[in-house]
Structure formats: C-alpha cells, structure tokens
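Hi,

Here is the structure I said I would pass along.

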Amino acid sequence: MDNQEELDYTPDLITLQDEAGVEHECEVIDAADYNGEHYLAVVPYVADPEKMLEEDAQVVIMRTVEENGEEFLDIVDDDEELAAVSEVFASRLEELYDIEL
C-alpha cells in the first residue's frame, strides 16, 4: 500500500451491541457469501494504527439475518458452519495478500 492509498483508506465501521447492551465499534475486514448466506468478518476497531499493530485482533464471523423485514447480524456459533466459513475467509485473504495461512 503506498502513502496515497494509506491516506485514502477509510475503515468500514459498524456498531454492534452485545447481550448486555454494551456497544462495540468494529471494522468490517471482509464479506463473503457461503451456502446462500452472507457473512462478515469483523475485528474490534482501533483508531491508532500503531496500537493496532501491537494488539492481536480477534476476528468474529457474523451471519447476516433478516427477520420481519429487518436485517441484523448474528454470531456464527455452529462449529461446522464456523469452520467452513472461516476457510472461505482464509482462502480470500491468502489470494488477496499472497500469503499462506
């Protein structure tokens, strides 16, 4: 990424609310479709790039769900589904950044 691209980067931020009602700001790092469902890979948002490099990001895989005409995100908690979708995201990252995970 060159300096101009770094200056032009704007993170895709969303605010998620946990079961206790606490809000968490997260960055969407990827989105993919699998078996007819739409998934997002999100990490906790860290505004300071230096601090971001110091911390281990926890990627959370979320499924987009529509209920009563409203769209919301649900954490994938089925182990088989999570493993399959995680593989989709890992493959996409390997291709995008020419790395091996």
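To start with, what span should the 19 residues of helix 3 (residues 79–97) have, and how far apart are its end C-alpha atoms? At 1.5 Å a residue the span should be 27 Å, and the end C-alpha atoms are 26 Å apart, which agrees. Keep in mind while reading that this is a predicted model.

Staying with helix 3, its buried residues are E81, V85, F89 and A90. They cover an arc of only 160° around the axis, so they sit on the same side of the helix. As background, an α-helix has 3.6 residues a turn, so residues three or four places apart point the same way. The face turned away from the buried side of helix 3 carries exposed residues, namely D79, E80 and E95. And what lies over the buried residues? The cover includes strand 2 (23–34), strand 3 (37–44) and strand 4 (60–67).

Now for what follows the helix. Is I99 buried, exposed or something in between? Its relative accessible area is 41%, so I99 counts as partly exposed. Leaving aside residues up to four places away in sequence, I99 touches L93 and E94.

Stepping back to the whole chain, the protein has three helices and five strands. Reading along the sequence, you get the pattern α-β-β-β-α-β-β-α. The C-alpha trace spans about 45 × 30 × 25 Å along its principal axes. Of the 101 residues in the protein, 21% are buried. I also looked at contacts between residues at least 6 apart in sequence: 28% of these join residues at least 24 apart.

Two asparagines in loops are worth a look on your screen. N35 lies in the loop between strand 2 and strand 3, and its phi is near 50°, a positive value in a residue other than glycine. With a relative accessibility of 66%, N35 counts as exposed, because the cut-off for that is over 50%. N68 belongs to the loop between strand 4 and strand 5. Its phi is positive too, at about 55°, although N68 is not a glycine. Is N68 buried or exposed? Its relative accessibility is 79%, so N68 counts as exposed.

Last, a pocket. How much space lies in the second largest pocket? It comes to about 320 Å³. The lining is made of 15 residues, and those nearest the centre of this pocket are L16, Q17, D18, M62 and I75. Which elements give two or more residues to that lining? They are strand 1 (13–17), strand 2, strand 3, strand 4 and strand 5 (70–75). By residue type, the lining divides into ten nonpolar, three polar and two charged.

If you want a place to begin, colour helix 3 and find E81, V85, F89 and A90, its buried residues. Then turn to the other face for D79, E80 and E95, which are exposed.

Cheers

Note on methods. Residues are numbered from 1 along each chain as its sequence is written. This is a predicted model: local features need pLDDT of at least 70, side-chain atom pairs count only at pLDDT 80 or more; totals for chains, interfaces and linings use all residues. Side-chain values use heavy atoms; hydrogens and water are left out. Helices (H or I, at least four residues) and strands (E, at least two) are DSSP runs, numbered from the N terminus. The expected span of a helix is 1.5 Å times one less than its number of residues. Buried means under 20% relative accessible area, exposed over 50%, partly exposed in between (1.4 Å probe, protein chains only). The arc is that of the directions from the helix axis to the C-beta atoms. Contact means heavy atoms within 4.5 Å. On a 1 Å grid over the protein atoms alone, a cavity is a set of points where a 1.4 Å probe fits but cannot get out, and a pocket is an open set with protein on both sides within 12 Å along at least five of seven lines; lining residues have an atom within 4 Å of a point. Grid points are joined across faces, edges and corners, and a volume is the space filled by probe spheres set on the points. Ala, Val, Leu, Ile, Met, Phe, Trp, Tyr, Cys and Pro count as nonpolar, Asp, Glu, Lys and Arg as charged, and the others, Gly among them, as polar.
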